[in-house]
Amino acid sequence: MRPLDFAPPRIYVLDQVWQRPAAARRAEGVIAACPEAEVRTFTCADLPDIVVAEGWDRFPRMGTLDNIPPPSLLLGLYQFDPARVDAIAKSLRTAYQGSGSFPWNVAAGGGAFTFFCSALQELRPNPEHVCRPQWRLHQGRGCPHQCAYCGLGGVIISHVNTEEYIDQLALLLRRNPWQKTWLYDDVMDVPTLEPQLDTLGPLMRFFEQTGDRYLIIHTKSARVDGLLAADAPANTIVAWSLSGATQSRHLEPGTGTTEERVEAAVQCQQAGITVRFKFKPIIPVRSWRRDAEQAVELALSRTRPDNLSLTALMWMQVEQLESCIDPSVLDPEFLQAARAAAADLRGVRVAPFPHACRERIYRHYLQAIRRHDANVPVTLCTESLDMWKSLGAELGYTPVDYVCGCGAGATPGLRRLPTSPWNDARPAAEATGDAVFVRQAEGYVMRR
Ligand code: SF4
């Protein structure tokens, strides 16, 4: 049995997992791939004390730690009865004696499918975060990659009742014929637990049977055996977050390196899987220009990506940037610009780097890409409307019609969205049949 690429110190398994043969088989598969891990069975009532004892409620951005421990695993079951999830989550929160934060709803089995619309109540572009409204699929929450800027360490929650999950997903697809592509996952790197977890293969085979729907797997991992072994490439897209060599080695130490991610993409492409790259998040380290050129050259000489997306590091203030990334590794000019813009960017989602810095990064990437490929679609990801005003003409897209790595309408081979994604998603915003979505702290979730 090939071990995982990281060594979880402990694996907690919900007692009810052992009562379901298919779920138990998944748990046993993961346990067998972690020979050093201590395995503990837990009940829901145990969880609040486990969270406090493990410190999962106080896990910081990983770059702030001198030694980053590998995450433990928490294997549970997705629940599809919202009232039951609410009741479990409420009892967990009530019993919790700490004062940090923890995704109790996910631990309670909630949030298998969430509706994302850039943190807005309505379906319209968020001026600070142009993205695509859509249902997103979740396997759990947490990541082993140890990226300096990320706080998803400490524990990986993964639910293991995949057959039930796929039954519920089939209903969701039927109710949302407008949504052609389905991102899985944006708060967990699913391939890192594969093929032992064995959720990817069943999902890929399910999507292949749908004919016109596509599974999008978002990853930084080079661990693609599970995808290849599924032998169902037709309706799967893999979108790699790809970074330059310095960033991948020193700021994302648990991921595949730039070269390893590209080679994983080569394998997937050869197997018939559509591949895409998001240069995200681009961190302006001292060598970022050369690193960008090398990463682009490698990606475009070794693969034929369906599209490319660009995002500079954002979603934090400059103080947070400097606490999780050693300022001495950053391009001094960009660091100085971020410091100088701190007051103006206070509370702004695209912080810490000001518009002019991010624009320079994107122009550099675009030039590097166009030297190798005149036609591959290149678009912005989760950027501001102002950035679209600066670069839209050069990219050849608008905020409405761009295709991207995990956008709901971006099917393989499509060069431009034919319809507005905000109009397309409208049926999901209304009560359709017996399903609606409602807003909760962690996003929108399905209600019946
Ligand atoms: S690739 Fe598209 S849909 Fe995915 S996060 Fe970026 S802008 Fe949003």
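Modeller: A residue is called buried under 20% relative accessible area, exposed over 50% and partly exposed in between, with a 1.4 Å probe and protein chains only. The model is a predicted one, in which local features need pLDDT of at least 70 and side-chain atom pairs pLDDT 80 or more, whereas totals for chains, interfaces and linings use all residues. Residues are numbered from 1 along each chain as written, and side-chain values use heavy atoms, without hydrogens and water.

Arg124 is partly exposed because its relative accessibility is 39%. Arg124 sits in the loop that joins β4 (113-116) to β5 (134-137); helices (H or I, at least four residues) and strands (E, at least two) are DSSP runs numbered from the N terminus. Between Arg124 and Gln267 there are 38 Å from C-alpha to C-alpha, at a separation of 143 residues in sequence.

Phe207, by contrast, counts as buried because its relative accessibility is 0%. Phe207 belongs to helix α6 (residues 200-210). Setting aside residues up to four places away in sequence, Phe207 is in contact (heavy atoms within 4.5 Å) with Leu137, Leu169, Leu173, Trp182, Arg213, Tyr214, Leu215 and Asn235. The C-alpha atoms of Phe207 and Ile166 lie 9.8 Å apart, although 41 residues separate the two in sequence.

The interior can next be described by its nonpolar cores, each a set of buried Ala, Val, Leu, Ile, Met, Phe, Trp, Tyr and Cys residues joined through side-chain atoms within 4.5 Å. The largest of these cores comprises 100 residues, and Tyr165, Phe279 and Tyr362 have the most contacts inside it. Its greatest contributor is helix α13 (residues 355-372), with seven residues. A second core is separate and holds 39 residues, among them Ala23, Ile88, Ala107 and Ile156.

Tyr362 shows what surrounds one of these residues of the largest core. Beyond its neighbours within four places in sequence, Tyr362 meets Ile282, Leu310, Thr311, Ala312 and Met314, and also Leu380, Glu383, Met387 and Leu391.

Three further helices show how buried residues are covered. In helix α1 (residues 21-32), Ala23, Ala24, Arg26, Ala27, Gly29 and Val30 are buried. These buried residues of α1 pack against β1 (10-14), β3 (72-76), α5 (162-175) and α6, the helix that contains Phe207.

Helix α3 (residues 82-95) has 14 residues. Val85, Ile88, Ala89 and Leu92 are its buried residues named here. They lie on the same side of α3 because they cover an arc of only 95° around the axis, the arc being that of the directions from the helix axis to the C-beta atoms. Among the elements covering the buried residues of α3 are α2 (47-54) and α4 (104-107). On the face turned away from the buried side, α3 carries exposed Ala83, Lys90 and Thr94.

Helix α9 (residues 258-270) has 13 residues. Thr258, Arg261, Val262, Ala264, Ala265, Val266 and Cys268 are buried in α9. The partners against which the buried residues of α9 pack are the helices α7 (225-229), α8 (245-251) and α10 (288-302), together with the strands β10 (236-241) and β11 (274-282). After α9 comes Gly272, with a positive phi near 100°.

Technical notes:
The expected span of a helix is 1.5 Å times one less than its number of residues.
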